[in-house]
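Open the model in a viewer with the sequence panel alongside. The stops below say what to select and what is found there.

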Amino acid sequence: METMSRPLVRVLGQGVRWATSLRGGGSAFPGLFMEKLHPGFVAEELAKLPRGVVVISGTNGKTTTTKMTVQLLRSQGLRVFTNRTGSNFVRGVAASLLAEMDAFGRLDADVAVLELDEAHAVHFVKQVQPRISLLLNVMRDQLDRFGEIDITRRMLRQVARATTETVVLNREDPRIAGLAEDLPEGTAVSWFGLSDALRPMFPSDDDMREGLRQVDPGEQDSEVPSARRPDADVVLEAVNARSVELNVRGTSHEATVDLYGVYNQYNAAAALAVSLQVLGDDADVPALVAELGNVTPAFGRGETITVEGKPLQLLLVKNPAGFRLSLASASAQAYATMIAINDQYADGRDVSWLWDVDFDSLREGGVDVVSGVRAWDMALRLDYDLVHVGEVEPDLEDALTRFIAQSGDRPMRIFCTYTAMLSLRKILGGMTHVAAI
């Protein structure tokens, strides 16, 4: 940097980004280039944004909640920068900045909304203090990466303590809610949450360990005792097939949320809560609620791809709670079902969490194909729950081809870990149109 001006480094970084894009990959490499030659690049550029930086983190739901938040804010007229490729570490954000800047180094944005992995968020907030942060949950996910669950909580605590204005917290997750007790003076807290009737549908990690009963949406009128919880700006009151009832600052609203899985309906409440904080007095609540109906799934999160004239849904699964909620979101008999489990670093090496998932709902319809690196482990787990498995094929391409051919007239769904999802999308891209990430 002593011999090269910062504008020149930025131009070179954009050139590197352009060259790597021509080769069809290397999305984070331009960010690594900037990290080495201009370490302060991300902090300097994000400091120019008039509405600051919003960080979204937690074990589950980051990608979908970030996508929802970006769309809600844009619908209100804000120009939003985001790391839309999911490169959720500092060099990934740098690469996204290079991609969005014009030839003169200008970023056309009012606010940044960034999805950050828990571990990378700790390093990010040392460089960039978020104005607002949204912390979703702490679940037993990829513990071989981060260690005990309380280590993950401590990572999110550092994000909360670095936040300068408002931390938006999930009041139903005790580890997240407890972060409110340890914030710097002057940092406000906002909450999102669930009605008492819905709480058993969304167990926290502690709830799952204690065996809290889960209920079907049709049971949500039953009374579930609960301790006094803080008042929330946004409360998910009830869920239906494609709509939700929300209480927003004391006023009831009905919204369409046309995304697979009740967990995405809870993500909608979180996105609405953080959007209210970003917009402040400028928020048009009815318009925000209406915009929820226009949100489409993030890649692999209930994303529907049409192949051979039939819909195929990709459903990312990472931990017991997420898998359980995905299974509960639709009748097993209505779908041809495939499960693909890998154990790469991004998935988590330890797949023992599969034994904490109840697969009884798959008994009647069965599972057509099981695939991935840990296909035989998954098949064994299903066998213990008396779920019939039609075929075990570790090779994802062979498995997908057979699955599609054998699905008949049924719509298809694939439950998959992260790297399996990326591989399946690439394979599907050779068969049909698949939206770019």
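This is a predicted model: local features need pLDDT of at least 70, side-chain atom pairs count only at pLDDT 80 or more; totals for chains, interfaces and linings use all residues.

Select Lys-48: with 57% relative accessibility, Lys-48 is exposed, where exposed means over 50% relative accessible area, buried under 20% and partly exposed in between (1.4 Å probe, protein chains only).

Residues are numbered from 1 along each chain as its sequence is written, and side-chain values use heavy atoms, with hydrogens and water left out.

The structure holds 23 salt bridges. Next, select Asp-108 and Arg-79, whose closest N and O atoms are 2.4 Å apart in a salt bridge. Asp-108 sits in the loop between helix 5 (90-100) and strand 3 (111-115), and Arg-79 in the loop between helix 4 (62-75) and strand 2 (80-82), 29 residues apart. Helices (H or I, at least four residues) and strands (E, at least two) are DSSP runs, numbered from the N terminus. Asp-108 is exposed at 55%, and Arg-79 is partly exposed at 38%.

Then select Arg-171, Glu-172, Asp-196, Arg-199 and Arg-229, which a network of salt bridges links. Within this group, Arg-199 and Glu-172 have their closest N and O atoms 3.2 Å apart. Arg-199 is partly exposed at 21%, whereas Glu-172 is buried at 6%.

Move to helix 11 (residues 262-279). Of its 18 residues, 18 are buried, so helix 11 is largely enclosed by the rest of the structure. Gly-280 follows helix 11 and has a positive phi, near 60°.

Which residues touch the most other members of the largest nonpolar core? Among its 70 residues, they are Leu-236, Leu-246, Phe-323, Ile-339, Phe-359 and Leu-382. Helix 11 supplies the largest share of this core, 13 residues. Such a core is a set of buried Ala, Val, Leu, Ile, Met, Phe, Trp, Tyr and Cys residues joined through side-chain atoms within 4.5 Å.

Finish with Phe-323, Trp-353, Phe-359 and Phe-415, which form one aromatic cluster. Rings of Phe, Tyr and Trp (its six-membered ring) pair if their centres lie within 6.5 Å; planes under 30 degrees apart count as stacked, over 60 as edge-to-face and the rest as tilted. The ring centres of Phe-323 and Phe-415 are 5.4 Å apart and the planes at 35°, so the pair is tilted.

Terms used. The expected span of a helix is 1.5 Å times one less than its number of residues. A salt bridge is a side-chain nitrogen of Lys or Arg within 4 Å of a carboxyl oxygen of Asp or Glu.
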